[in-house]
Amino acid sequence: MTVLSTRALNRATLARQLLLGRSGLGPLEAVAHLGGLQAQEPQEPYVGLHARLRAFDPAELSALLVDRQVVRTHLMRRTVHLVTADDVLAWRGRHEAMLRQRVLGVYRDELADVDLAELAEAGRRVMADGRPRTMAEVAAELADRWPGPGKRALGEMVVAALVPMVQLPPRGLWRQKAGVRNLPLAAWLGRDVAPPPGAGGDDPAGQALVRRYLAAYGPAASADLRAWCGLAGLPAAVAAVRDELITFRDERGRLLLDLPDAPRPDPDTPAPVRFLPAFDNAVLGYQDRTRIIDDAHRGLSVAGERVVLVDGRVAATWEAGETGTVTVRPLGRLAGVERDEVVEEGRGVALFLSEGKGSTVEITDA
């Protein structure tokens, strides 16, 4: 069986993630290809698409949110993701049990005496009038019936797990700050969420997740797939599509799955500098992240640090000030040519974030 080096996996990841060269895809097609963008920080998807797309206009992504073609919702790993309307309707039911269990993992004691089916029905009744509500408002209308758990536990269980919700604009629009107001997905999109798979039956949503994950992240192990979506119950889906896939080993001996015709560039393919947003799935979307970030720096990927890829790997963190200045903090020494490339790409990021008002890039000492 062919062994793929870490560098070969890196170049495959960059190609699948649209980071080896900016893509001509539009924002809707890019969000679909990537299987969504992690979006608990509302402005970060714009940074992520700027890194991936040619001539990206953030107004186009804002328009997709307003036009209900993409939505903000709790999905993979119970984190807020920006996903297409079609994908959320197809995938939300498949994530339902995971979302519930992850909320219980935080509030199990508080919710121990709550009948979750009854709570779900009560939550749907609260939202049936079509009025958007904050999580606190949802919880306040349920607290008289369930005074024990506390409003936070009730609100998170209903909004993040039991009732499929969308976070309405202006939350998530370009350069706008707005609180979270929730509405049921079916009411916002005018279509029902596909039901969860039955016990022992076919799992078309799970099989689609396997294929879509490999298209955007492969070659990858089953553990990487689980790390991305948070779903433990996908072995049957993997088995169902196994004849469609090819296999490799990585340098650690793990079995990797992939789509036969997906890009696997030459490991020596040059990789451009890219500035990634906080919580970018190019880093978070794997259990073994060594293809893109050293184990010593793995904590950055869950701490909300924006990172810079140099030669395809995390080599620095960065932030943008209110004046538009981009500050880069290397994790190690950058060679002269690498510094020049970081400055050049950083100027484009500064211009993007400041809407043309500033292009200053500062690199601190490592």
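Leucine 18 sits in the loop between α1 and α2 of this predicted model. Its phi is positive, about 65°, although leucine 18 is not a glycine. With a relative accessibility of 10%, leucine 18 counts as buried, because the cut-off for that class is under 20%.

The loop between α1 and α2 also holds arginine 22. Arginine 22 has a relative accessible area of 23%, so it is classed as partly exposed. Two polar contacts of its side chain can be listed. One runs to the backbone oxygen of histidine 50, at 2.9 Å. The other joins the side chain of arginine 22 to the side chain of glutamate 345, at 2.6 Å. For a sense of scale, the C-alpha atoms of arginine 22 and alanine 90 are 28 Å apart in space, and the two residues are separated by 68 residues in sequence.

A further arginine, arginine 11, belongs to helix α1, which covers residues 6-16. Is arginine 11 buried or exposed? Its relative accessible area is 0%, so arginine 11 is buried. The side chain of arginine 11 has a polar contact of 2.6 Å with the side chain of aspartate 311. Beyond its neighbours within four places in sequence, arginine 11 is in contact with Leu20, with Pro265, Asp266, Pro267, Thr269, Pro270 and Ala271, and with Asp311 and Gly312.

The aromatic residues come next. The whole structure contains nine aromatic pairs. One of them is formed by tyrosine 213 and tryptophan 228; it is tilted, with 5.2 Å from centre to centre and 35° between the planes. Tyrosine 213 is in helix α10 (residues 204-217) and tryptophan 228 is in helix α11 (residues 222-229), so this pair ties together parts that lie 15 residues apart in sequence. Tyrosine 213 is buried at a relative accessible area of 1%, and tryptophan 228 is buried with a value of 1%.

Phenylalanine 275 and tryptophan 318 form an edge-to-face pair, with centres 5.4 Å apart and an angle of 70° between the planes. Here the elements involved are strands: phenylalanine 275 is in β9 (residues 274-276) and tryptophan 318 is in β11 (residues 313-320), so the pair links parts 43 residues apart in sequence. Phenylalanine 275 counts as buried at 1% relative accessibility, and tryptophan 318 counts as buried at 3%. There is also an aromatic cluster made up of Tyr46, Phe56, Trp174 and Phe352.

The backbone has cis peptide bonds to note. Glycine 218 and proline 219 are joined by one, with omega at about -5°. Proline 219 is located in the loop between α10 and α11, the helices that carry tyrosine 213 and tryptophan 228. Another cis peptide bond joins proline 169 and proline 170, with omega at about 15°. Proline 170 is in the loop between β5 (165-167) and β6 (182-184).

Arginine 175 also lies in the loop between β5 and β6. Like leucine 18, arginine 175 is a residue other than glycine with a positive phi, in this case near 60°. Arginine 175 counts as partly exposed, because its relative accessibility is 46%.

Rolling a probe the size of a water molecule over the atoms shows where empty space is left. Which residues lie nearest the centre of the largest pocket? They are Gln43, Arg175, Lys177, Arg306 and Leu353, out of a lining of 19 residues. The largest pocket holds about 610 Å³ of space. By class, its lining is made of six nonpolar, seven polar and six charged residues.

The second largest pocket has a volume of about 200 Å³. Its lining is made up of Gly93, Glu96, Pro164, Pro184, Ala186, Ala187, Asp192, Val193, Ala194, Pro195 and Pro196. Eight of the lining residues are nonpolar, one is polar and two are charged.

Note on methods: Residues numbered from 1 in each chain as written. Predicted model: local features only at pLDDT ≥ 70, side-chain atom pairs only at ≥ 80, totals over all residues. Heavy atoms only, no water. Helix = DSSP H or I, 4+ residues; strand = E, 2+ residues; numbered from the N terminus. Buried < 20%, exposed > 50% of the residue type's maximum accessible area, 1.4 Å probe, protein only. Polar contact = N/O pair within 3.5 Å; in protein donor to acceptor, adjacent residues only side chain to side chain. Contact = heavy atoms within 4.5 Å. 1 Å grid on protein atoms, 1.4 Å probe; cavity = no way out; pocket = protein on both sides within 12 Å on 5 of 7 lines; lining within 4 Å. Points joined across faces, edges and corners; volume = space filled by probe spheres on them. Nonpolar A, V, L, I, M, F, W, Y, C, P; charged D, E, K, R; others polar. Phe/Tyr/Trp six-rings, centres within 6.5 Å; stacked < 30°, edge-to-face > 60°.
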